[in-house]
Every structure is written in structure tokens, then in C-alpha cells.
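My notes follow in the order I made them.

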Amino acid sequence: MSEGVQPFDSRELRQVLGAFVTGVTVITALDKDGTPHGLTANSFTSVSLDPPLILWSQSLTAPSHPVFREAERFVVNILADDQVEVSKRFARGGGDKFADCQTTPGLGGVPLIVGCAAYLECRRMDSFPGGDHVVFLGRVERTERTGRQPLVFGGGRYLIAQPHDIGPPPAESGANIARLTAVRLATRALVDLSDELDETLGLGVWGNMGPTMVRWEDSSQPISEHLRTGLVLPVLASATGLAFAAWLPRETTAPFIDVELAQGAAAEFFSDAGRLYERLAQIRGEGIVRLASTDAFASVYGTTISALSVPVFDQTGGMVLALTAIGTVDRLDVADSGRLVTRLRECAATLSRRLGAASPVAPTAPNPDQENGP
Ligand SMILES: Cc1cc2nc3c(=O)[nH]c(=O)nc-3n(C[C@H](O)[C@H](O)[C@H](O)COP(=O)(O)O)c2cc1C
């Protein structure tokens with residue numbers, strides 16, 4: 001090893017490279033007998049517009065390598081976002097990958113996989129050694145675009161491309177990420193956090209019917225089949241609802257709270273409005289809603305559960321989302337020092353910061369609207 005060069009942990013290198021998000025292609029070619037071969041590859045990239053050149057690289061150990069080394073032509077099939085199964089199929093070694101795979105013959109009879117986002121039909125110009133891979137340079141002879149959305153790959157998982165809706169930076173915040181919609185940003189964080197913690201997490205917004213769940217990510221042990229998008233929760237008898245009651249302006253939530261109090265819907269918690277507003281002040285002080293082991297949601301979830309909910313704020317300082325964890329009583333760790341509470345708080349704080357909220361979001365910050373109770 002030469003001086004100054006650090007030894008690489010290949011797993012770490014793989015993860016670093018995974019931070020560079022790519023599309024997904026299947027490269028196809030024919031062998032000498034005219035039998036089709038293909039492999040999933042994300043090493044594809046453009047090289048030159050004039051002349052039109054592209055490259056991709058193949059592992060020397062890939063069983064199909066001898067075919068691509070010899071083939072005069074290949075096709076880059078750029079997969080569409082509904083072709084995850086195609087990608088998986090062509091990433092598996094062996095077997096007849098083309099069985100039940102609809103194709104049409106392109107230049108020289110090389111198969112084009114039906115349903116892709118785009119195609120580049122290439123003549124192999126050259127190949128170069130590249131460590132444990134060989135780099136193939138191809139000259140593009142024909143292209144086609146179908147208008148389908150491309151499949152995306154990054155961080156070791158399949159992704160879907162969405163336009164980034166950054167507008168001009170808001171004058172006062174200077175954070176040009178601030179206009180990213182909160183839901184879009186939070187959805188990604190929710191998926192990652194649910195994977196990391198193996199907990200059922202939900203994302204709530206305040207809709208015109210009250211607290212409304214816009215996204216659920218199940219743990220490996222889904223808690224209930226009732227967790228659907230669009231689920232409207234009670235304000236006083238759900239962690240998500242209580243989070244909105246604690247942090248949204250009182251005039252927004254009061255009409256819903258008044259109805260629920262009149263119906264005695266949350267009698268388990270609040271015999272009267274006075275006790276409710278005491279509790280909401282306590283929630284703001286703690287920065288989290290913690291409902292441990294309650295039957296109050298049995299009608300919603302079909303079981304006795306515990307729930308936690310933390311607020312996410314935007315650049316106006318208003319609460320835009322509730323990040324909620326629910327689980328069976330024996331499973332959900334609601335302890336303040338526990339990993340779940342810590343990570344939920346961190347996740348909500350990070351999201352708030354990315355949405356342009358003044359940072360850090362002080363859990364004890366009083367809401368001037370509600371400081372004095374009803
Ligand atoms: C998303 C993704 C991208 C890949 N990119 C490449 C690549 O660029 N080069 C490569 O040699 N293998 C790549 N592979 C692995 C091959 O698809 C896999 O080794 C395949 O089995 C090779 O086909 P073969 O066994 O018919 O030779 C990738 C796999 C996946 C899932």
C-alpha cells in the first residue's frame with residue numbers, strides 16, 4: 001500500500017458510493033448463438049454528446065461477462081419505476097431471465113425490454129480494465145424515450161423520483177429547503193426511522209376533519225389493519241390529536257375539542273376543560289405526548305395500545321406535522337430515556353430545522369395562545 005493511502009473497509013466504501021443515487025438499467029446482448037443475456041447495472045453513465053458515447057462497467061466475475069466482452073452490440077434498457085421486479089430478476093445469476101419477459105428485437109436483434117423509461121442501442125467501441133470490473137464504452141446508434149418515470153436506486157434500496165419543489169428562498173428564513181413540502185420530507189424520514197427502530201410510525205396533519213393520518217410505516221409486527229391513510233383521529237383520545245391540541249392555535253382546535261368534551265369522548269382523561277388545558281400545558285412542557293397503556297383507542301386500533309407523538313414545526317413556527325409511534329403495551333417503550341423517545345425527538349427536531357423552524361425547537365416554549373388555558 002502506498003504512503004498516505006488508507007485501507008478501505010469495502011462495506012463502508014459501498015455505503016459511501018450508495019449516497020450517489022442512480023437510475024437502474026438492464027444491459028442486454030446476444031451471444032454467438034443468438035441467445036439473449038442481460039444483467040441489472042447501475043454503473044451506466046453518459047460520456048460524450050458528440051460523438052454520442054456512454055459507458056457502463058461489469059464485474060469480471062459475472063457469469064455473463066464473456067458474452068458482453070465478445071458482443072458487438074448491447075442495449076441499455078433504462079428501467080421504469082414499476083420495474084423493480086425486472087431489476088431483481090436480471091440481478092439474479094443463472095436461470096432463463098428472459099422467460100415471461102416481454103421483449104422486442106432492436107438493432108442486430110438485441111432485445112429491448114418492454115415497459116422501460118428509455119433505451120439506448122449501442123455498438124461496443126472499446127473496453128478498459130477497471131480493477132475487478134471492465135469498463136465498456138458504447139457508441140449510441142438509436143434511442144427511444146417512452147415517457148415513463150425512471151426507477152431510482154440509492155442507499156441500497158429502490159426509490160421513486162419526485163420533483164424537488166424548492167422555490168426561491170423565503171426572504172426572512174434564508175433556508176432554501178423551507179418550501180419543500182413537510183410531508184414529502186417527513187415521509188422519507190419516517191421510512192428510515194421505522195426501519196431503524198422496527199416500530200410502527202405514523203405521520204399526522206391537521207385536516208379539515210381534524211387530526212388526519214397521511215402515512216403509516218409498519219413495524220415487522222403490524223399492530224392493526226385499521227392504520228390506513230386518511231384515518232381521522234379524535235383530538236382528545238389520540239396522541240396525534242393531543243399533539244395538535246397542544247401546539248396549534250386554540251381557535252383551530254377548539255371547535256373539535258368542544259364537541260368531544262360535550263360528548264364525553266375523552267372522559268378517561270378529561271372530566272372538564274380545565275383539566276384538559278392543564279394537560280396540554282404539561283405536554284408542551286415535556287415536548288411530547290405520551291399515552292401509556294390505554295383502552296381509549298380500542299375502537300380505532302382494535303387493541304390496547306401505547307402511543308407517543310412529537311410535533312414538527314415549519315419556518316413560521318407553526319406545527320405542521322405530528323410524528324407518532326404506536327405499539328402494543330408490552331412492546332412500545334415510552335420511557336423518556338428510551339431509544340424510541342430519543343430518536344423521535346431527534347427526528348422531529350431535524351425535520352423542523354430542515355423546514356426552516358427556528359432551532360432548536362424548545363420543548364418548553366409556551367404557546368402564547370394557550371398559556372393561560374381556556
Ligand atoms: C441495482 C443494481 C445494480 C447493479 N449494477 C451492476 C453493475 O453496474 N455492474 C455489474 O457487473 N453488476 C451489477 N449488479 C449485479 C448484477 O446485476 C448481478 O451480478 C447479475 O447476477 C449479473 O448477471 P449474470 O449473473 O447473468 O452475469 C447490480 C445489481 C443491482 C441490484
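The model is a predicted one.

Entry 1, cis peptide. I looked up the bond joining Asp50 and Pro51 and found it cis, with omega about 5 degrees. I placed Pro51 in the loop that runs between β4 (45-48) and β5 (53-59).

I noted a positive phi of about 60 degrees at Asp100, which is not a glycine. Asp100 sits in the loop between α3 (84-91) and β7 (103-105). Is Asp100 buried or exposed? I counted 7 other C-beta atoms within 10 Å of Asp100, so it is exposed.

I also noted Asp198, where phi is positive and near 50 degrees, again in a residue other than glycine. Asp198 belongs to the loop between α4 and β13 (200-207). Asp198 has 12 other C-beta atoms within 10 Å, and the cut-off for exposed is 12 or fewer, so Asp198 is exposed.

I looked up how α4 (residues 182-197) packs with α9 (residues 339-354): the angle is about 160 degrees and the axes are 11 Å apart. Angles over 145 count as roughly antiparallel, so α4 is roughly antiparallel to α9. The crossing of α4 past α9 is right-handed.

I listed the residues that meet: Leu185, Ala186, Ala189, Leu193 and Leu197 from α4, with Leu340, Arg343, Cys347, Leu351 and Arg354 from α9.

Note on methods
Residues numbered from 1 in each chain as written. Predicted model: local features only at pLDDT ≥ 70, side-chain atom pairs only at ≥ 80, totals over all residues. Axes fitted to C-alpha atoms, helices over the stretch in contact; angles between N-to-C directions. Helix = DSSP H or I, 4+ residues; strand = E, 2+ residues; numbered from the N terminus. Parallel < 35°, antiparallel > 145°, perpendicular 65-115°, else oblique. Left-handed = near helix turned anticlockwise from the far one by under 90°. Contact = placed C-beta atoms within 7 Å. Buried ≥ 20, exposed ≤ 12 C-beta atoms within 10 Å, placed from the backbone.
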